[in-house]
Amino acid sequence: MLLTIHCPWIGPLDRRRSYDVPMGQDRSLAVGEESVAILHPHWKTLVLPVVLTFLVVAVLLAGEVLIPANRAATIERLALAVVAVALLMWWLMFPILIWRTTVYEVTTKRMRLRDGILTRNGRDIPLSRITDVSFRKGVLDRLLGSGTLVVESAGEHGELTLREIPHVERVSSLLFQLVEDERLRDDRQAPPDEGNFDTRPMLN
């Protein structure tokens, strides 16, 4: 059975067999660990930067037309173009880089969080330490297919809130199943409790 979620702004969320997604050779994964899903924040985080980009381009074109033809026209147009490029870099390229470098990955062993453009930040949560998985969806989230994922784990930082998660309900269900499978696997691998009973006959 193959379940595939396609979205133009996120990587595919696949489940093959139990959950086997060919993500290539990833040396950061442990032996026997497989990547299940790799997600970026929802595409709605890029709507405002795109709108601002169109606004900057419109102002740039209007300025090129409205600048009067004189000796300083070339310098004024060049200055306007430099300002426009700087705004585009700040309002569009920077948010895109943040979106692209923010990665939420779920494997058969843990949940991995990575972000940062120049310096990378990472956090790994073993599935065996996750105690609860829930999600929240507002009205706009329900329309756009996004939401907030809340993961509770045993440890110093007990609750992790991840906002703007695409297909948050399916991600929550998938993560819950992985956590349950990890617990069942640990139970099967745990040695049986045979007790410490002395079966020798009692002497009166």
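Helix H1 (residues 47–66) has 20 residues and spans 29 Å from its first C-alpha to its last, close to the 28 Å expected at 1.5 Å a residue, where the expected span is 1.5 Å times one less than the number of residues. Helices (H or I, at least four residues) and strands (E, at least two) are DSSP runs, numbered from the N terminus. This is a predicted model, in which local features need pLDDT of at least 70 and side-chain atom pairs count only at pLDDT 80 or more, while totals for chains, interfaces and linings use all residues. Residues are numbered from 1 along each chain as its sequence is written, and side-chain values use heavy atoms, with hydrogens and water left out.

The buried residues of H1 are Pro49, Thr53, Val56 and Gly63; buried means under 20% relative accessible area, exposed over 50%, and partly exposed in between (1.4 Å probe, protein chains only). Seen down the axis of H1, these residues fall within an arc of 95°, so they line one face of the helix, the arc being that of the directions from the helix axis to the C-beta atoms. They pack against H2, with contact meaning heavy atoms within 4.5 Å. The face of H1 turned away from its buried side carries the exposed residues Phe54, Leu61, Val65 and Leu66.

Helix H4 has 22 residues and reaches 31 Å from its first C-alpha to its last, close to the 32 Å expected at 1.5 Å a residue. Its buried residues are Val168, Val171, Ser172, Leu174, Leu175, Leu178, Val179, Glu182 and Arg185, and they cover an arc of only 165° around the axis, which puts them on the same side of H4. Asp187 and Arg188 are the exposed residues carried by the face of H4 turned away from its buried side. Glu182, found in this helix, is buried with a relative accessible area of 6%, and it touches Thr108, Lys109, Leu127 and Ser128, not counting residues up to four places away in sequence.

**An aromatic pair**

A search of the whole structure finds 1 aromatic pair. The rings of Trp90 and Phe94 have their centres 5.3 Å apart and their planes at 0°, so the pair is stacked; rings of Phe, Tyr and Trp (its six-membered ring) pair if their centres lie within 6.5 Å, and planes under 30 degrees apart count as stacked, over 60 as edge-to-face and the rest as tilted. Trp90 and Phe94 are 4 residues apart in helix H2 (residues 73–101), and therefore separated by about one helical turn. Trp90 is exposed, with a relative accessible area of 56%, whereas Phe94 is partly exposed, at 35%.

Most residues other than glycine have a negative phi.

| Residue | Phi | Place | Relative accessibility |

**The cavity**

The structure holds 1 cavity of 30 Å³ or more, a cavity being a set of points, on a 1 Å grid over the protein atoms alone, where a 1.4 Å probe fits but cannot get out, and lining residues having an atom within 4 Å of a point. About 40 Å³ of space lies in the largest cavity. Its lining is made by Leu39, Tyr104, Val106, Met111, Leu149, Leu162, Ile165 and Val171, and the elements that give two or more residues to this lining are strand E4 (103–107) and strand E9 (159–166).

Definitions and conventions. 1 Å grid on protein atoms, 1.4 Å probe; cavity = no way out; pocket = protein on both sides within 12 Å on 5 of 7 lines; lining within 4 Å. Points joined across faces, edges and corners; volume = space filled by probe spheres on them.
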